[in-house]
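Thanks for coming. I will take a few minutes to walk through one protein model. Please have a look at it first.

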Amino acid sequence: MTITTTSELGQTIRNRRTFLGLRQQDFALAANVGVRFIVDIENGKETSQVGLVLRLLQALGIRLTAEMSPVPAARSASEESETFDPDNFTPS
């Protein structure tokens, strides 16, 4: 599953919480955060603290992994004015 927005992350957290049969209050207690934080993250609030989000994921048994895209090759000075398009990237 690829998560690219805070809304998608919040929905994933909500889905897992409800699958596990946890109320927001119980989940907040288990993760040692406030209920308001649970409400905010499940609603996709973009300013949520990363450390607390990671604590929530751990409490739900969700493992977060990073997937790296290829790094573009160094460009010459004449190519610097061109805009990099990751969808049309071809490694050298």
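What does the accessible surface of the protein come to, and what percentage of it belongs to carbon and sulfur atoms? The surface is about 7000 Å², and carbon and sulfur atoms account for 51% of it. Keep in mind that this is a predicted model.

Now the overall layout. The protein has four helices and zero strands, so the order from the N terminus reads α-α-α-α. It has 92 residues, and 24% of them count as buried. If we take contacts between residues at least 6 apart in sequence, 42% of those join residues at least 24 apart.

Next, a pair of helices. Two packed helices are described by the angle between their axes and the distance between the axes. Helix α3, residues 35–42, packs with helix α4, residues 50–60, at an angle of about 90°, and the axes are 11 Å apart. That makes α3 roughly perpendicular to α4. On the α3 side the contact is made by Phe37, Ile38 and Ile41, and on the α4 side by Leu52, Val53 and Leu56. By type, the residues of this contact are six nonpolar, no polar and no charged.

On to charges. Side chains of opposite charge can pair when their charged atoms come close. How many salt bridges does a search of the whole structure find? It finds five, and I will go through some of them.

Arginine 14 forms a salt bridge with glutamate 42, with the closest N and O atoms 3.6 Å apart. Arginine 14 is in helix α1 and glutamate 42 in helix α3, 28 residues apart, so the pair links distant parts of the chain. Arginine 14 is partly exposed, at 24% relative accessibility, whereas glutamate 42 is buried, at 2%.

Glutamate 42 also meets arginine 17 in a salt bridge, at 2.6 Å from N to O. This pair ties α3 to α1 as well, because glutamate 42 lies in helix α3 and arginine 17 in helix α1, 25 residues apart in sequence. Is arginine 17 buried or exposed? Arginine 17 counts as buried, at 8% relative accessibility. Leaving out residues up to four places away in sequence, arginine 17 touches several residues, including Phe27, Ile38 and Leu60.

Another salt bridge joins aspartate 40 and arginine 36, at 2.9 Å from N to O. These two are four residues apart in helix α3, which means about one helical turn separates them. Aspartate 40 is buried, with a relative accessible area of 15%, and arginine 36 is exposed, with 55%.

To finish with the charges: salt bridges that share partners join Arg14, Arg17 and Glu42 into one network.

Key:
Residues are numbered from 1 along each chain as its sequence is written. This is a predicted model: local features need pLDDT of at least 70, side-chain atom pairs count only at pLDDT 80 or more; totals for chains, interfaces and linings use all residues. Side-chain values use heavy atoms; hydrogens and water are left out. Buried means under 20% relative accessible area, exposed over 50%, partly exposed in between (1.4 Å probe, protein chains only). Contact means heavy atoms within 4.5 Å. Accessible areas come from the Shrake-Rupley method with a 1.4 Å probe; for residues, only the protein chains shown count as cover. Axes are lines fitted to C-alpha atoms, for helices over the stretch in contact, and angles run from 0 to 180 degrees between N-to-C directions. Angles under 35 degrees count as roughly parallel, over 145 as roughly antiparallel, 65 to 115 as roughly perpendicular and the rest as oblique. Ala, Val, Leu, Ile, Met, Phe, Trp, Tyr, Cys and Pro count as nonpolar, Asp, Glu, Lys and Arg as charged, and the others, Gly among them, as polar. A salt bridge is a side-chain nitrogen of Lys or Arg within 4 Å of a carboxyl oxygen of Asp or Glu.
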